[in-house]
Amino acid sequence: KQWYQRRVRGTECGLFEIKKFGDEYFTFLTKCKNPKACTILLRGASKDVLMEVERNLQDAMNVARNVMMDPYLVPGGGAVEAAIAHRLIEKSKAIQGVGQWPYRALAEALKIIPKTLMQNCGVNTIRTMTNLTAKHATSGSTWGVDGETGNIVDMEEFGVWDTLQVKSQVLKTAIETAILLLRIDDIVSGVKKQSDIEAEKMAGKFQSQQPQEPQEE
């Protein structure tokens with residue numbers, strides 16, 4: 001029994017050491033044979049830098065979790081948005097009348113993602129967006145924007161990917177929010193504004209207070 005307790009208390013730790021960082025001491029248990037958990041120690045020059053590093057680490061861990069739960073990837077760099085926008089515009093050409101405008105409106109909204117990447121790189125947005133649209137029309141749907149240079153590159157060869165789970169959820173949320181706002185606008189437009197009601201009340205009160213002229217018999 002004593003041998004079992006000594007074994008459970010941590011005899012499989014290869015190295016036990018204490019290090020000092022700044023004004024605090026930290027205990028490290030390393031070189032373990034069968035580690036079950038680990039601790040990530042983050043350091044930064046200031047509190048803001050440390051919070052930014054923690055946020056980036058949390059985002060990276062969430063991406064890894066999403067890939068493990070749903071192991072499907074799509075091209076990044078705005079390639080997915082540009083491809084969907086191209087398909088929507090082609091679909092709108094086969095529709096007559098005002099029915100084509102929702103397709104075109106959604107396509108223009110999706111183009112904001114690659115346009116924002118182009119603006120951050122400082123390139124000509126109109127010219128680069130035209131080249132990206134031409135690439136999707138002739139050379140496939142994996143072309144996107146290099147976030148550093150602003151050039152149009154093949155994301156499959158460039159190695160930039162997004163998770164399908166996050167991308168599909170973003171699109172669903174955006175479309176559902178737009179539909180909700182349109183429904184709210186319809187409801188509000190059918191209700192008379194409170195300011196108009198108060199103005200009508202004041203006008204009626206003013207007319208009632210005016211002296212009436214005597215009527216001739």
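The largest nonpolar core has seven residues: Ala82, Met118, Met129, Leu132, Trp143, Val145 and Ile152. Such a core is a set of buried Ala, Val, Leu, Ile, Met, Phe, Trp, Tyr and Cys residues joined through side-chain atoms within 4.5 Å. Both α6 and β4 supply at least two of its residues each. A second, separate core of five residues includes Ala85, Leu88, Ile89 and Ala107.

This is a predicted model: local features need pLDDT of at least 70, side-chain atom pairs count only at pLDDT 80 or more, and totals for chains, interfaces and linings use all residues. Residues are numbered from 1 along each chain as its sequence is written, and side-chain values use heavy atoms, without hydrogens and water.

Helices (H or I, at least four residues) and strands (E, at least two) are DSSP runs, numbered from the N terminus.

| State in α6 | Residues |
|---|---|
| Buried | Thr128, Met129, Leu132, His136 |
| Exposed, other side | Ile126, Arg127, Thr138 |

The buried residues Thr128, Met129, Leu132 and His136 cover an arc of only 100° around the axis, which puts them on the same side of α6. The arc is taken from the directions from the helix axis to the C-beta atoms. The buried residues of α6 pack against α3 (79-92), α5 (112-121), β4 (143-145) and β5 (152-154). Leaving aside neighbours within four places in sequence, Met129 is in contact (heavy atoms within 4.5 Å) with Lys111, Pro114, Lys115 and Met118. Just after α6, Gly140 takes a positive phi of about 110°.

Note on methods: Buried means under 20% relative accessible area, exposed over 50%, partly exposed in between (1.4 Å probe, protein chains only).
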